Amino acid sequence: MKNWIQWSCRIIAALLLLQTLFFKFTADPESVLLFTTLGIEPWGRILTGILELITSILLLWPAYTRYGALLGAGTMAGAIFSHLTILGIAFNGDVLLFVYACLVFGCCFVLLWLEREKFYSLLLKIKKS
């Protein structure tokens, strides 16, 4: 059951992140408007796209899932914060981006929870050195 949950969360988060890359990397007008509203166009759009690509790769690579989940949760926390404070939940009349950010954050949080023992052992190794 744990394995099924992990793979479901990995695939859902990675697919949601990967499908938005096209819009970020091709400078889709809605993506440009979003990052212009945030005051970080174009570098913020491109950097976010790169982070989301790296996150997707790490999520789908089982040995590095925990790092992808950490990066994804952090990136999506920033997206959720931006929606709640600047963009609004329904940016440009559409709630889909906010919903995607919440779904990816939730999947990454579940993955982090399931991988918590690996994080604890990593912290112990760092503490000993």
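Which residues have the most contacts inside the largest nonpolar core? The points below start there. The model is predicted.

1. **The core.** The largest nonpolar core has 17 residues. Leu-59, Ala-69, Val-104 and Cys-108 have the most contacts inside it. H5 gives the most, with seven residues. In soluble globular proteins, nonpolar side chains tend to be buried together.

2. **Val-104.** Look at one of the core residues in detail. Val-104 touches Ala-13, Leu-16, Leu-17 and Met-76, leaving aside residues up to four places away in sequence. Val-104 is also one of the buried residues of H5.

3. **Helix H5.** Start with its length. H5 has 19 residues, and at 1.5 Å a residue they should span 27 Å. The end C-alpha atoms of H5 are 27 Å apart, so the two values agree. Next, its buried residues. They are Phe-98, Ala-101, Val-104, Cys-107, Cys-108, Leu-111, Leu-112 and Leu-114. Note the spacing along the chain as you read that list. An α-helix has 3.6 residues a turn, so residues three or four places apart point the same way. What covers the buried residues of H5? The cover includes H1, H3, H4 and H6.

4. **Helix H6.** This helix covers residues 116–128. Its 13 residues should span 18 Å at 1.5 Å a residue. The end C-alpha atoms of H6 are 19 Å apart, which agrees. How many of the 13 residues of H6 are buried? The number is one, so H6 lies largely in the open. Lys-127 is in H6. Its relative accessible area is 72%, so Lys-127 is exposed. Lys-127 and Tyr-64 are 63 residues apart in sequence. In space they are 21 Å apart, C-alpha to C-alpha.

5. **H2 against H3.** Two packed helices are described by the angle between their axes and the distance between the axes. H2 and H3 (residues 43–60) pack at about 110 degrees, with their axes 8 Å apart. H2 and H3 are therefore roughly perpendicular to each other. Ser-31, Val-32 and Phe-35 of H2 meet Gly-44, Arg-45 and Thr-48 of H3. By class, this contact of H2 with H3 has two nonpolar residues, three polar and one charged.

6. **H2 against H4.** Helix H2 covers residues 29–38. H2 and H4 pack at an angle of about 70 degrees, and their axes are 11 Å apart. H2 and H4 are therefore roughly perpendicular to each other. From H2, the contact uses Leu-34, Thr-37 and Leu-38. From H4, the contact uses Ser-82, Ile-86 and Leu-87. Four residues of this contact are nonpolar, two are polar and none is charged.

7. Thr-75 lies in H4. Is Thr-75 buried or exposed? It has 18% relative accessibility, so Thr-75 counts as buried. The cut-off for buried is under 20%. Thr-75 touches Leu-51 and Glu-52, not counting residues up to four places away in sequence. His-83 also lies in H4. Its relative accessible area is 5%, so His-83 is buried. Leaving aside residues up to four places away in sequence, His-83 touches Gly-88, Ile-89, Phe-91, Leu-97 and Phe-98. Phe-98 is itself one of the buried residues of H5.

8. **Backbone points to check in the loops.** Most residues other than glycine have a negative phi, and most peptide bonds are trans. The peptide bond from Glu-41 to Pro-42 is cis, with omega near 0 degrees. Pro-42 is in the loop between H2 and H3. Ala-27 has a positive phi, near 55 degrees. Ala-27 is in the loop between H1 and H2. With a relative accessible area of 35%, Ala-27 is partly exposed. Asn-92 has a positive phi too, near 60 degrees. Asn-92 is in the loop between H4 and H5. At 56% relative accessibility, Asn-92 counts as exposed.

Notes
Residues are numbered from 1 along each chain as its sequence is written. This is a predicted model: local features need pLDDT of at least 70, side-chain atom pairs count only at pLDDT 80 or more; totals for chains, interfaces and linings use all residues. Side-chain values use heavy atoms; hydrogens and water are left out. A nonpolar core is a set of buried Ala, Val, Leu, Ile, Met, Phe, Trp, Tyr and Cys residues joined through side-chain atoms within 4.5 Å. Buried means under 20% relative accessible area, exposed over 50%, partly exposed in between (1.4 Å probe, protein chains only). Helices (H or I, at least four residues) and strands (E, at least two) are DSSP runs, numbered from the N terminus. Contact means heavy atoms within 4.5 Å. Axes are lines fitted to C-alpha atoms, for helices over the stretch in contact, and angles run from 0 to 180 degrees between N-to-C directions. Angles under 35 degrees count as roughly parallel, over 145 as roughly antiparallel, 65 to 115 as roughly perpendicular and the rest as oblique. Ala, Val, Leu, Ile, Met, Phe, Trp, Tyr, Cys and Pro count as nonpolar, Asp, Glu, Lys and Arg as charged, and the others, Gly among them, as polar. The expected span of a helix is 1.5 Å times one less than its number of residues.
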